[in-house]
Amino acid sequence: MKNEELDQIIEKSFRTEPGFQLSPDFATKVAFTVARKEQWKTDLREYLYLTGILLSLLAVVSGFYYFVDKAFVLQAAAFLSNNIVPVILIAFLLNFIWFADRVLLRLLFSRWSKT
Amino acid sequence: MQHFVCSCCQTSSMNDSELISQILNGNMNAFTFLVNRYQKLVVHITGRLIQRHDELEDVCQEVFLKVFQNLGKYRNECKLSTWIATIAYNTSINYLRKFKKGDEVDSDDSAALRNLTEYRSDEFEKADLHQYLRAQIELLPVQYRTVLTLFHLEEFSYQEIEQITGMPEGTIKSYLFRAKSLLKEKLKFVVDEDSLKLVKEISNEK
C-alpha cells in the first residue's frame, strides 16, 4: 500500500509544472528579434535585384543607342577601356555607396538600436 | 517581411501545417502564434536541462530562432512538437557543453547521482514533500531529467523521445525506471506514515 502511495506521489510530482517562467511578451519579443535578424537578408536581396535592374537598363539603353549613334557608343567604349583603372575605382566606389545605403547602414542601425 | 497585421483570430484556429505555410509566406503574426503555442514545451525542456533562470529566456529565444530559420526544411515526417522539442533538446545540450556543465552531459550518471542531497527525517517538513521531490528531480542527472520531462510532463511516446534525444528505447525506459526507483528510495528515507497521509490529502485536494 505504501509503495502504491509513493508511486502516486512521485508520478504526480513528475507531472507538476516545474515553474520556469518566461516574460509575458516573450513571443512578441522573439518575433521582433527574428524579423530584425532576417531583415538584412531582405535588404541584400533588394540590393541585388535593384543592381541587376539598373545594370540591365544600362545595357539595354547602350544597345539601343548603338543603333542610333554607333560612333558615339564606340567612342565611349574606347574612353572606358583607355581609362580602365579609374573607371573600375569609380564603379567600385559608387557600388559601395549604393551597397552601404541599401544594406550595410540598415544592418548597423538595427544592431545599434538593439543595444 | 514584417506582416504584423491583426490576424489573431485567423491564426488561433490554424493547424500546424497552415501555420507553417503562413510563416514561410512571411506572416510574422503566425510566427508569434507558433511561439505562443510551443513556448511551454520549449521552456520545460530547456529549463530542466540548463537549470539557469537568468539565461532561460536567451536559450529559448535561440531555439525559436533556429525553428524559424529551419522551418523550410521541416517535412511532415514527425509532429511539429517533436521537431521543436528536438531543436530545444539539442540547443540545451550544446549550451551545457559550451558554457556550463560539459562534464555533466558527457560523463556517466554515477557522479551526478552522488550529488543528490541526503535529507534527514527530523529536518524534513511534511508539507514540503512535493517541493522536496521537485528539488530532487532537479538534482537528477541531465539524461534522467530529460526523459522524465518528455515522458511525464510533455507526454511524448517512447518513439518520439527516441527521435528527440537519439537514446534507444531501452535506455529511455531504464532511465524512467531508475529515476522513479531512486526518488522512491529517497522518499522512503524521509517520509514516515503520517507525512505520507498528509501528502496524499494535499494531492487529493489539488
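Which residues are linked with A:Glu11 in a network of salt bridges? The network consists of A:Glu11, A:Arg15 and B:Lys180. A salt bridge here is a side-chain nitrogen of Lys or Arg within 4 Å of a carboxyl oxygen of Asp or Glu.

Before I continue, a word on the basis of this talk. This is a predicted model, in which local features need pLDDT of at least 70 and side-chain atom pairs count only at pLDDT 80 or more, while totals for chains, interfaces and linings use all residues. Residues are numbered from 1 along each chain as its sequence is written, chains are lettered from A and ligands numbered from 1 in the order in which they are written, and side-chain values use heavy atoms, with hydrogens and water left out.

Helices are DSSP runs of H or I with at least four residues, numbered from the N terminus. A:Glu11 is partly exposed, at a relative accessible area of 24%; the term covers values between buried, under 20%, and exposed, over 50%, using a 1.4 Å probe and protein chains only.

I turn now to the interface as a whole. Chain A brings 36 residues to the contact and chain B brings 43 residues, where contact means heavy atoms within 4.5 Å. The area buried between the two chains is about 4000 Å², with 70% given by carbon and sulfur atoms. That figure is the accessible area (1.4 Å probe) that two parts lose on being put together, summed over both. On the side of chain A, A:Ile9, A:Phe14 and A:Phe20 lose the most area to chain B, and together they make up 20% of what that side buries.

Helix 1 and helix 2 (26-68) of chain A each supply at least two residues of the side that touches chain B. Helix 2 of chain A gives the most to that side, with 14 residues.

Chain B also has salt bridges of its own. In one of them, B:Arg48 pairs with B:Glu138, and the closest N and O atoms are 2.8 Å apart. These partners are 90 residues apart and link distant parts of the chain, with B:Arg48 in helix 3 (residues 28-50) and B:Glu138 in helix 8 (residues 129-139) of chain B. B:Arg48 is buried, at 1% relative accessibility, whereas B:Glu138 is partly exposed at 21%. A further salt bridge joins B:Glu55 and B:Arg52, at 2.8 Å from N to O. Both partners are partly exposed: B:Glu55 has a relative accessible area of 24%, and B:Arg52 has 27%.

Finally, is helix 9 of chain B largely enclosed or open? Eleven of its twelve residues are buried, so helix 9 of chain B is largely enclosed by the rest of the structure. Among the buried residues are B:Tyr144, B:Arg145 and B:His152. Just after this helix, B:Glu155 takes a positive phi of about 55°.
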